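Subject: Structure handover and findings

Hello,

Here is the structure I said I would pass on. Please look through it first, then read my notes below.

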Amino acid sequence: MSVQSAIKRKTAPDIRARKNGEPIVMLTSYHAHTAALVDRHCDVILVGDSLGNVMHGFETTVPVTLDMMILQGHAVMRGSKHALVVVDMPFGSYEASKEQAFHSAVRILKETHCGAVKLEGGARMAETVAFLVERGVPVMGHIGLTPQSINTLGSFRAQGRDEGSWDPILRDAQAISDAGAFSVVIEAVAEPLARKITQTIAIPTIGIGASAACDGQVLVLEDMLGLSPRTPKFVRRYGDLGAAIEAAIQGYAKDVRSRAFPGPEHVYEMKKS
């Protein structure tokens, strides 16, 4: 059997081919066990630099390092089998030059075995995207609200709510598409603008706080499960796991203090002679 025929995972070309087709389902994951759950239902798993917020309690994604992304990317690859795994390139790992971006992307691909990388930025990063794609690195773009630029933006606010501000974002989307990215995330962009971008560019758009007209959607897993203390407007909670976990911990603490746990069924008896 050839290596190619043995591959079961979705690939970047598979996702690229979904333009104007069945909506692409994408969620984040940072661990092997959550990856196994997400993998059963999603086309793409994003190992997002949002792990800085979710796992480490950082206020922004800026402190996240390349080594952190690689470590969690490797865990997600071990836990998943079918979805395309995309790993974020963190702040400072690709902006200095095309060559820096290539070396960082190669580390991610080689050390995690993932199928693609994602980087933030529109027209300013188009040359870098083209450089990577020409050298065999599948790239997912990210435009609109770009969290790694928070120190420049000043706050996490929606983009394109004034039609007069649309042109730069439209140019960003077109530039990333023309550069050869296989898809692009559109974050926190006014619905009519996200719809127009989706109708205009040749690659699939994946919305997060954008439009139902996008070719797919992504959310941070912990946000949609109710594990995050604060969630953006664009998040719909599909559960309140935070409350369920707290109740379980409360029950455990109560049983320990009352010596109701461990019970006879949880301890080891001596062997009978």
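Does Asp-88 count as buried or exposed? At 3% relative accessibility, Asp-88 counts as buried. Buried means under 20% relative accessible area, exposed means over 50%, and partly exposed lies in between, with a 1.4 Å probe and protein chains only.

Some notes on the source come next. This is a predicted model, in which local features need pLDDT of at least 70 and side-chain atom pairs count only at pLDDT 80 or more, while totals for chains, interfaces and linings use all residues. Residues are numbered from 1 along each chain as its sequence is written, and side-chain values use heavy atoms, with hydrogens and water left out.

The chain as a whole

The protein chain has 12 helices and eight strands. Helices (H or I, at least four residues) and strands (E, at least two) are DSSP runs, numbered from the N terminus. The C-alpha trace spans about 75 × 50 × 35 Å along its principal axes. Of the 273 residues, 48% count as buried. Among contacts with a separation of 6 or more, 57% are between residues 24 or more positions apart; a contact means heavy atoms within 4.5 Å.

The annotated sites

A UniProt annotation, "binding site", from an unreviewed entry, covers Asp-49, Asp-88 and Glu-120. These residues are spread over 72 residues of sequence, but the largest C-alpha distance is 11.0 Å. A "binding site" annotation, also from an unreviewed UniProt entry, covers Asp-49, Ser-50, Asp-88 and Lys-118. This group spans 70 residues in sequence, yet no two of the C-alpha atoms are more than 12.6 Å apart, so the group gathers at one spot. UniProt positions are given in the numbering used here, feature names are shortened, and annotations may be inferred rather than shown by experiment.

Here are the residues in turn.

- Asp-88 is in strand 3 (residues 84-88). Not counting residues up to four places away in sequence, Asp-88 touches Leu-46, Val-47, Gly-48, Asp-49, Met-69, Ile-108 and Lys-118.
- Asp-49 sits in the loop between strand 2 and helix 4 (51-54) and is buried at 5% relative accessibility. Beyond neighbours within four places in sequence, the contacts of Asp-49 include Asp-88, Glu-120 and Gln-148.
- Glu-120 is in the loop between strand 4 (116-118) and helix 7 (126-134), and is buried with a relative accessible area of 2%. Leaving aside neighbours within four places in sequence, Glu-120 is in contact with residues including Asp-49, Tyr-94, His-142 and Gln-148.
- Ser-50 is in the loop between strand 2 and helix 4 and is buried at 13% relative accessibility. With neighbours within four places in sequence left aside, Ser-50 is in contact with Thr-28, Tyr-30, Thr-61 and Val-220.

Salt bridges

Side chains of opposite charge can pair when their charged atoms come close. A salt bridge is a side-chain nitrogen of Lys or Arg within 4 Å of a carboxyl oxygen of Asp or Glu. How many salt bridges does this rule give? The count comes to nine.

One of them joins the side chains of Arg-18 and Asp-43 at 3.1 Å, N to O. Arg-18 is in the loop between helix 2 (12-16) and strand 1 (24-28), and Asp-43 is in the loop between helix 3 (32-39) and strand 2 (44-47), 25 residues apart. Arg-18 is buried at 16% relative accessibility, and Asp-43 is buried with a relative accessible area of 10%. Lys-10, Arg-18 and Asp-43 are linked in a network of salt bridges.

Asp-215 forms a salt bridge with Lys-19, with the closest N and O atoms 2.9 Å apart. Asp-215 lies in the loop between strand 7 (205-208) and strand 8 (216-219) and Lys-19 in the loop between helix 2 and strand 1, so this pair ties together parts that are 196 residues apart in sequence. Both Asp-215 and Lys-19 are buried.

Arg-195 and Glu-191 form a salt bridge in which the closest N and O atoms are 2.7 Å apart. Both lie in helix 10 (residues 191-200), four residues apart, about one turn of the helix. Arg-195 is partly exposed at 36% relative accessibility, and Glu-191 is partly exposed at 31%.

Regards
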